Amino acid sequence: GGGGGGSRQETRARLLPERRVDVPGFCSPGAFQRSPYLSARGNFASVFLGSTEEGYKAYHADKYDEDENPNGIINFGTSENKLCFDLMSKRLTQADMNVMEPPLLQYPDWKGHMFLREEVARFLTFYCKAPAPLKAENVIVLNGCGSLFSALATVLCDPGEAVLIATPFYGGITQSVFLYGNVKLVYAYLDSKITGTSTRPFQLTVEKLEKALQDARAEGVTVRALILLNPQNPLGDIYSPSELRDYLEFAKRHELHVIVDEIYMLSVFDESATFHSVLGMDRLPDPQRTHVMWGITKDFAVSGIRFGTLYTENQDVANAVASLCYFHGVCGPVQHKVAQLLRDRDWINQVYLRANRARLKAAHTYVTDELKTLGVPFLNRSAGFFVWIDFRKYLRTGTFEEEMLLWKRFLDNKVLLSCGKAFECSEPGWFRIIFADKTHRLQLGMQRIRKVLEEREQEILAEEKEQPCQSDQDGKADSTDEVIFVSHHQEPTCAGSSSLGDLIGLLQQQMRSSDWLQKNTAEQFA
C-alpha cells in the first residue's frame, strides 16, 4: 500500500495482537490503503474483510435464483438453515404473533421483557435438561450471539487482554471479540493427526488448552476467558459430559471465565448422537464464571431475526452486559413473537423439530454421498449445517495461498464455500460446506464443485508427469471411523492413475443422483 509515516505503522502495530491473530487472513488485498477520514481503529475495521466477507459480498451481488439468475452464485458458505422457511413463515404469521400492545412500543427493561426472559428460562430448562428450574433473572436478551460475544469480551476483558479458543472455529467471533472489543484471541491449534491423547481428528484436549495458555502467558498476554462452541462450528463435534467437565475444570484451575456457545443445540439430526448442555450438568465447577449462550437463528432457521440470549448466575456479569443492551436491544414486537414461539412446545416437538431433523439428515446424506463418490475425505458428524472437508489432495504445495486460489476457483465457478483459513485452521486445504439447503441447489452446487475438483485433478496429474512423484503422507489425515475415506483415492498417485475408476465412480454418482431425485421429490422433502 501507499507510504505513511512511522507513527501510523506503530499505531497499527499496537492495534494488532502480536503473533496471536494472523492478520493477512482477515485483511482484504488492498488492506493498507488508509483513509484520512478514519481513525486507526476505523481503518483497521474497514480492511478487516477476509475471504468470508469477500465471498458474502460477491454472493449478494450475484445471487443464484432458479428463474431470475440460474448462473448466479450458490451459497454453501453462510451457515443458514434454508430447509424450514415453509414451517417458520406459517407459524410466525399466525394470529397470536401479531400483537402491538403499548409496552411493546416502549423501552423495555434492558435485559429484555420479563415475559420473554421467563419463557427463555422455561425453554432452556426443558431442552437443556437442567436439574433444577432455570431462573428468569439470570437471562439476558440481545440482538444475536455476535452482540453477546462483543458484550462479554468488553465486560470480562480489558483492551489488549485475551480469550482462549480452539481452532478451527467460527470466524465471526474474531470480529465480535477482537474488532469490536479490542480483545485478543489466543489459539489452541487442533489438527487432523491422531497422536497421543487424540482419538479423533481435530480433538480438543485439556493438554492443548494448557499449552496455548502457557505459551500466551510466556509472551506476557493475560487470558481472561475460554470460549467453547458446542456443537462445534465448523467441525460438527458434540462434546461428551466428561469432556465438558474436563474443559470447565481446566478453566476453574486457571480462574478463567467460560463462554459456552450452544447455538446449534437443537440441530442434532442423528438419533445416535446426544447433545449435553452445560446447563444440564448436576454441578458446575465454577458457576460464577460459566456463561451460556443460545439463540433462535440456527435451530429455528431464522437468521434474519436477530435474537440471542445469555444465561449466567453471575449478577455482576449480567448487569454489566445489560448496560450494553441499550446498543443491542431486540425490538418489542419481535420479543413478543419469540416468546410465543418458545411457548408453543407442542408445535416445536411434534411439527418443527421432527421435520427439521429429517430434512437436515436427508440433505447431509446427499452431500456426504457425493463426497464419497468423489473420493474426498470429510469428518462425519451429526450436528450443525456443515461438513468439514479435506481438499488437501487438490493442493500441490499445501500452502494457504494455494487454498485461497482453490477457494477463488470455486467462487469463479459460482459456488461459495468457506476455506479453512477463515476458521484459523492450522492445516491448509480444509473447507466447510453448508448442506442445509434445498435439493435443486445442493445438486447444482455439487456439480459445480465436482467440475472444479476434476479440472484440478487433471492439472496435478499433468504437473506430476513433468516432475517425479513424491509421496505426500503429511497431506493425508489419519484414516479412522471419524474421517470417511474412499479407498481408490486414498493413496498418493503418480501419473497415469486409473481413469476407469473415475469413470465408474462418475456413473455410480449419476445413477444415484437420479435415483435420489425420484425418492426425494420436492413434495416429499417438504
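Author: Helices (H or I, at least four residues) and strands (E, at least two) are DSSP runs, numbered from the N terminus. By that rule K414 lies in the loop between α14 (400-412) and β11 (415-416). This is a predicted model, where local features need pLDDT of at least 70, side-chain atom pairs count only at pLDDT 80 or more, and totals for chains, interfaces and linings use all residues. Residues are numbered from 1 along each chain as its sequence is written, and side-chain values use heavy atoms, with hydrogens and water left out.

Reader: How many helices and strands does the protein have?

Author: There are 17 helices and 14 strands.

Reader: Why is K414 called partly exposed?

Author: Buried means under 20% relative accessible area, exposed over 50%, and partly exposed in between (1.4 Å probe, protein chains only). K414 has 27%, so it is partly exposed.

Reader: Where does N182 lie, and what is its phi?

Author: N182 is in the loop between α7 and β4. Its phi is near 55°, a positive value in a residue other than glycine. N182 has 26% relative accessibility, so it too counts as partly exposed.

Reader: What makes G304 exposed?

Author: Its relative accessible area is 71%, so G304 is exposed. G304 sits in the loop between α10 (296-299) and β8. From G304 to E80 is 224 residues in sequence, yet 9.7 Å in space, C-alpha to C-alpha.

Reader: What percentage of the residues in the protein is buried?

Author: Buried residues make up 54% of the 526.

Reader: Why is β8 called largely enclosed?

Author: Count its buried residues. In β8, 5 of the 5 are buried, so the strand is largely enclosed by the rest of the structure. Both of its faces are covered. One side has G308, L310 and T312, and the other has T309 and Y311.

Reader: Which strands pair with β8?

Author: Two strands pair if DSSP finds at least two bridges between them. β2 and β8 share 4 bridges, in the antiparallel sense. Here I140 stands opposite L310. β7 and β8 share 5 bridges, also antiparallel. There W294 stands opposite T309.

Reader: What is the order of the strands in the open sheet?

Author: The 7 strands run β2-β8-β7-β6-β5-β3-β4, and the pairing is mixed. β2 (139-142) and β4 (184-189) each have a single partner strand, so they stand at the edges, with one side of each left without a neighbour in the sheet. Neighbouring strands are turned by 25° against each other on average, direction ignored.

Reader: In what sense do β3 and β4 pair?

Author: Strand β3 (residues 162-167) pairs with β4 in the parallel sense, over 6 bridges. V163 has L185 of β4 as its bridge partner. Helix α11 (residues 315-324) packs on the sheet and touches β2, β6 (257-261), β7 (290-295) and β8 (308-312).

Reader: Which peptide bonds are cis?

Author: Among them is the bond joining T167 and P168, with omega about 5°. P168 is in the loop between β3 and α7. Another joins N230 to P231, with omega near -5°. P231 is in the loop between β5 (223-229) and α9 (241-253).

Reader: Why are α4 and α13 called roughly antiparallel?

Author: Axes are lines fitted to C-alpha atoms, for helices over the stretch in contact, and angles run from 0 to 180 degrees between N-to-C directions. Under 35 degrees counts as roughly parallel, over 145 as roughly antiparallel, 65 to 115 as roughly perpendicular, and the rest as oblique. Helix α4 (residues 85-92) and helix α13 (residues 345-374) pack at about 155°, with axes 10 Å apart. The two are therefore roughly antiparallel.

Reader: Which residues of α4 and α13 meet?

Author: Contact means heavy atoms within 4.5 Å. From α4 come D86, L87, M88 and R91, and from α13 W347, V351, Y352, A355 and R359.

Reader: At what angle do α6 and α7 pack?

Author: Helix α6 (residues 145-156) and helix α7 (residues 172-180) pack at about 35°, with axes 8 Å apart. G146, F149, S150 and A153 of α6 meet I173, S176, V177 and Y180 of α7.
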